[in-house]
Amino acid sequence: MDHLMPRFDKLLVLDLDETLIHAVETPLPNRWDFRVFDYYVYKRPGVDEFLQTCLDWFAVGVWSSSGVLYADAVVRQLLGGPERLAFVWSASNCARRYDPEAGVPVSGKDLKKLTRKGFQRERIIMIDDSPEKLAKNYGNGVIVRPFEGDPADDELRLLLKYLEVLGPVENVRAVEKRGWRSRVLG
Ligand SMILES: [Mg+2]
């Protein structure tokens, strides 16, 4: 068996800000991990192990609603570069639409952009801290708590346990993913 073949036949799409990292212009009391442009960047606890395991398990893409230069720079800091990723997408890949509840435009990460690239919708898992960005693809989304620098944050460790459950599922859209935390804690 090819050791480079991922364990599960799924595409995992990861958000950056408040999902894997937290970037601020004014540093927090705790030590930052790296700097990107004018930002002090804090890695979510466990992010290195999380990413390495995800790369063993899935085809992984990064999809941020930030600018392309920022997204590329963060990926370089987290992974050394984009080589092991299926793609690094940024704001220009998002669809801007008006959110009547928030009263502001939001950037949506539309599944269509992924299916057009040949990924099957039943096999796409999207991780994001902003439910509104996945408004058109709830069935594919696992919503995480936003990370804002808390050094005691445990979300990625729990998420990895959940992804081990979700990975082998044939159609991820058929699984109720709200309350996923209780499945791994329960
Ligand atoms: Mg985010």
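This section describes the strand arrangement, the magnesium site and the aromatic contacts of a predicted model.

The model is predicted, so local features need pLDDT of at least 70 and side-chain atom pairs count only at pLDDT 80 or more, whereas totals for chains, interfaces and linings use all residues. Residues are numbered from 1 along each chain as its sequence is written, and side-chain values use heavy atoms, with hydrogens and water left out.

Helices (H or I, at least four residues) and strands (E, at least two) are DSSP runs numbered from the N terminus, and two strands pair if DSSP finds at least two bridges between them. An open sheet of 5 strands shows parallel pairing in the order β6-β5-β1-β9-β10. Its edges are formed by β6 (87–89) and β10 (141–143), each of which pairs on one side only. Neighbouring strands of this sheet are turned by 20° against each other on average, direction ignored; axes are lines fitted to C-alpha atoms, for helices over the stretch in contact, and angles run from 0 to 180 degrees between N-to-C directions. Within the sheet, β1 (residues 11–14) and β5 (residues 59–63) are joined in the parallel sense over 4 bridges, and Leu11 stands opposite Ala59 in β5.

The magnesium ion is coordinated by Asp15 (OD), Asp17 (O) and Asp129 (OD), at 2.1 to 2.2 Å. Donors are N, O and S atoms within 2.8 Å of the metal (3.2 Å for Na, K and Ca); water is not among the atoms, so sites may look incomplete. The spacing of the donor residues in sequence is D-x1-D-x111-D. Asp15 has a relative accessible area of 4% and is therefore buried (under 20% relative accessible area; exposed is over 50% and partly exposed in between, with a 1.4 Å probe and protein chains only).

A further open sheet has 3 strands in the order β2-β4-β3, with antiparallel pairing. Here β2 (21–24) and β3 (34–36) are the edge strands, each pairing on one side only, and the twist averages 35° from one strand to the next. Strand β2 is joined to β4 (residues 39–43) by 4 bridges; Ile21 stands opposite Lys43, and Val24 stands opposite Tyr40. Between β3 and β4 there are 3 bridges, with Tyr39 as the bridge partner of Val36. These two strands form a hairpin with 2 residues between them, and Phe37 in the turn has a positive phi of about 50°. Helix α2 (residues 68–79) lies across β2, β3 and β4, running at about 160° to β3; contact means heavy atoms within 4.5 Å.

Another hairpin is formed by β7 and β8, with 4 residues between them and a positive phi of about 75° at Gly103 in the turn. Strands β7 (residues 95–99) and β8 (residues 104–108) run antiparallel and are joined by 5 bridges, and Arg96 has Ser107 as its bridge partner.

A search of the whole structure finds 9 aromatic pairs. The rings of Trp57 and Phe58 form an edge-to-face pair because their planes lie at 75°, with centres 6.3 Å apart. Rings of Phe, Tyr and Trp (its six-membered ring) pair if their centres lie within 6.5 Å; planes under 30 degrees apart count as stacked, over 60 as edge-to-face and the rest as tilted. Both Trp57 and Phe58 are buried. Ring pairs also link Trp63, Phe87, Trp89 and Phe119 into a cluster.
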